[in-house]
There are 2 protein chains.
Amino acid sequence: MQSTLTKELDRLFHPASMAHVGASDRENVGRFNFTEYFLKMKFPGRIYPVNPKYQEVLGLPCYPTLADIPGEVDLAYISVPAALSVKVLQDCPPGKLRFAVIHTSGYGEIGKEDLEQELLQEARQRGIRLIGPNCMGIYSQEGRIGCWRSHHEIVEHKGSVGFISQSGGHALDLLQGGPDSDIFFNKAVSLGNQLDLSINDFLEYMGADPAIRVIGAYIEDVRDGRKFTELVRRITPEKPVIVWKGGITARGKAAAITHTGSLAGNERIFASALQQVGGILVTSLEEFRRVARLLQPEYMPAGRLLAVLSPGGGNTVSICDHFASRPFLSLPRLTPETERRLRQLLPEENVDVANPVDPGATGLAHFRELLDAVAGDPNIDTLLFVLHVEFMEEIKDENMRFAVSRMMAKEFGRINSKGKPMIILLRQLRQNHERLDSYRRLVLKDLHERGVPWVDGGFEDIAPVIEKIAMWRTYRERMAKGGTEQ
Amino acid sequence: MQSTLTKELDRLFHPASMAHVGASDRENVGRFNFTEYFLKMKFPGRIYPVNPKYQEVLGLPCYPTLADIPGEVDLAYISVPAALSVKVLQDCPPGKLRFAVIHTSGYGEIGKEDLEQELLQEARQRGIRLIGPNCMGIYSQEGRIGCWRSHHEIVEHKGSVGFISQSGGHALDLLQGGPDSDIFFNKAVSLGNQLDLSINDFLEYMGADPAIRVIGAYIEDVRDGRKFTELVRRITPEKPVIVWKGGITARGKAAAITHTGSLAGNERIFASALQQVGGILVTSLEEFRRVARLLQPEYMPAGRLLAVLSPGGGNTVSICDHFASRPFLSLPRLTPETERRLRQLLPEENVDVANPVDPGATGLAHFRELLDAVAGDPNIDTLLFVLHVEFMEEIKDENMRFAVSRMMAKEFGRINSKGKPMIILLRQLRQNHERLDSYRRLVLKDLHERGVPWVDGGFEDIAPVIEKIAMWRTYRERMAKGGTEQ
């Protein structure tokens, strides 16, 4: 059953009509031309530019105030200077507008709490719910709403990740960097000052939204921590909630002034509370991206019993250093049967049939059998394959390279379809090398087509990512069995 | 004054003649064709293939044994099966050969200590110094010696990094991945089982070698830890020694069998001993590469008083989280004069003149003045500039993009030349995007040409790298003032 909030916010992300107050033909430096973005997004509903200075904006009839628009407006982006925002709402009759994104900054974040409260009062009197102020607005893939000049480039990509952000910049970076990195967003919201609608409102909404299968949140402070934790507790048995907490150190930008010294302890309490209810805490943009990508529903989540297949004896030591040192992960010994099978398949020298398995200079001989042997081992529940982009350079013929990339992706996909997650760790050591860049993109394209999850970075970056996912998977399994969080 | 060892090893890295025992025309799977590599490297001295089966190998006269070669041989690569290696040495008259790289594995590492000892005895009787067995050999840029099929691609690049490795794979990965990532090697050695020449021998040699300005070592175990530490102590006041320690966890590949439980404690002692003598401990290939790149003598080492210039409020919080949480690093408040100057230069909204400085949507207006204002601040000794490759995409005209990349690199280089290190943190969020890949390479090319140091990765990866470099710089300064290590 849908709650009132859920029904209400559904309208926000699927509006029938949108206005842009402060519209103009030109995109000024530092000013966003939302009218243009809505047009580029091919928003299917009505678009109403609002500005008393113009008759027409970008070919659309322009209205002096919200009141002049015929009929109701579901969502208005308001990008006029802060001092004018109250007037914009005052000009709007009650019942005319459902939601307003107050884009402009210059409110509570610079001490103008009075202006902010006035804005809230005017909105409440008119039944308008506010997003912001000081925010970027929302993104809705299905609703075709964006808030950045290149969102039309990503909106064709269906996705199931929802993102709630206290930083507009992080939201834009993540959205724009999504599809080319196999992270597909369904909805996102930049919260700004949370004058009215808050993180908990959107968390509750996304928790109930069947289109969203993974929730991410970037937060710097939680105002109602108890409710936040309770919401996470309710959601995580079904879908993962990834929380990227910013401002974790005592010396943060604002923290330097207001909370010096006391934050570190609170952060530990927050981390522990979040973990208890199955939430996933990450500490950076890069880690958020890695975790979110792997948790998308088209992939199976990694478990804690890993087998790693990686060429090179030095690498297997490094894998042990970084993976086996994580308390929740294990690299179990493979069964004697698996080790025997690997000995049959691999050359005699410079290989290792113990986990991590080092196939040595075996190349692509027995590639399929090798994967089957390791993936079939009953001691492990997840297979990690370390693929160096440099390996593709050893295949001199272009058609052969295409074929090898396709074949590998197909075999990886086959293992995945058998029920054990198979993750590719893609490594590229040379940053300024055109051919390697193209081989990386070739491999990524094929992995994408076969639905094979991948992750890039060093072992030290990847081990905590796998561990966090495995912890959530274990939590979910325990809850499914009727367990309780600890 | 050169020690005997130094003089001796100089000959190893600058031989006048080389032999390859086990030569053949063909490169077999898993077998290295060193003769071919020497030819491709255009080794300027004499090359003698040795194999009783052939009259000629790759167009060169082939000799049945080492004894048949006319005159002396400085260095022989021996790649015959382990069982035949003793015979190879027995066939060699005393005084004929100075150094032998025993490439083949199958000795002590699989329990054949007797064979290994026999080999050592035969070598000693003939005055032959051994590298290996079970190793890749050496790389010498000036001597034009390589040990991998593509080393001729890197040998034209002069460099000043020396690398000593207990893993042949890591050595090959690092060497091959060097020039395209602005890491330039002078010499490297793969140690193998260290039957004769050991890590300490090469550390002493590289410490005294004026061509080497940065020393790196990958080690899994240290046999004479006291001597190792003493050598590091002697070297670090002049040149940095970066130690990548593998096998740090109790559950290592070999550790699983032999040292379970006891290693973790020893690792802490090792780390602490190394730090006391000014050594730099890193934990992964990626971290080694980041630290080694920045420590090359063409760049100034980073200090501990950082100013960070980065667009986006969310990013400045993240920078605080990762940089200000490092105990040795500091992001000092800029002087009131600097803040005033920044306020003049930057727009009024969505900027931050406190450190980290957020220039907001200022674009390239006042770029030069902005850098000068921050770099000139007396409170800081190092400037970190966060450059998103995505920024280049906003410049639609190709010639303009070229010009901007050149201009930025030139200005960065200008700041560097004034005596404060200026490091570029290059971030690229999209992995499967051809244009962004090309923009990244464009920026890297220009940074290289202007001698500007850069580093890539997330803030969480870079902060410890900067900290480790700053700690060494501080150690060096203390020692230069006649201080002692703590």
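Me: In this predicted model, what makes the relation of chain B to chain A that of a two-fold axis?
Reply: Chain B is superposed on chain A by a rotation of 180° with 0.0 Å of shift along the axis, at an RMSD of 0.0 Å. That is the relation of a two-fold axis. The C-alpha of B:Asp437 is the one in chain B nearest the axis, 3.4 Å from it.

Me: How do you know that the same surface serves both copies?
Reply: Of the contact residues of chain B, 98% recur in chain A.

Me: Why is H12(B) called roughly antiparallel to H13(B)?
Reply: The axes of helix H12 (residues 336-345) of chain B and helix H13 (residues 367-375) of chain B cross at roughly 170°. Angles over 145 degrees count as roughly antiparallel, so H12(B) is roughly antiparallel to H13(B). The two axes come within 9 Å.

Me: Which residues make the contact of H12(B) with H13(B)?
Reply: From H12(B) come B:Thr338, B:Arg341, B:Leu342 and B:Leu345, which meet B:Glu369, B:Leu370, B:Ala373 and B:Val374 in H13(B). By class this contact has five nonpolar, one polar and two charged residues.

Me: What makes domain 1 of chain A and domain 2 of chain A count as being in contact?
Reply: The domain assignment gives domain 1 (4-295) and domain 2 (306-480) in chain A. Residues are in contact if their C-beta atoms lie within 7 Å, and 12 residues of domain 1 of chain A are in contact with 13 residues of domain 2 of chain A. On the domain 1 side, helix H10 (residues 285-295) of chain A gives the largest share, six residues. That side has six nonpolar, two polar and four charged residues.

Technical notes:
Residues are numbered from 1 along each chain as its sequence is written. Chains are lettered from A and ligands numbered from 1 in the order in which they are written. This is a predicted model: local features need pLDDT of at least 70, side-chain atom pairs count only at pLDDT 80 or more; totals for chains, interfaces and linings use all residues. Domain bounds come from an automatic or database domain assignment. Two residues are in contact if their C-beta atoms, placed from the backbone, lie within 7 Å. Helices (H or I, at least four residues) and strands (E, at least two) are DSSP runs, numbered from the N terminus. Ala, Val, Leu, Ile, Met, Phe, Trp, Tyr, Cys and Pro count as nonpolar, Asp, Glu, Lys and Arg as charged, and the others, Gly among them, as polar. Copies are superposed by least squares on the C-alpha atoms of residues with pLDDT of at least 70 in both. Axes are lines fitted to C-alpha atoms, for helices over the stretch in contact, and angles run from 0 to 180 degrees between N-to-C directions. Angles under 35 degrees count as roughly parallel, over 145 as roughly antiparallel, 65 to 115 as roughly perpendicular and the rest as oblique.
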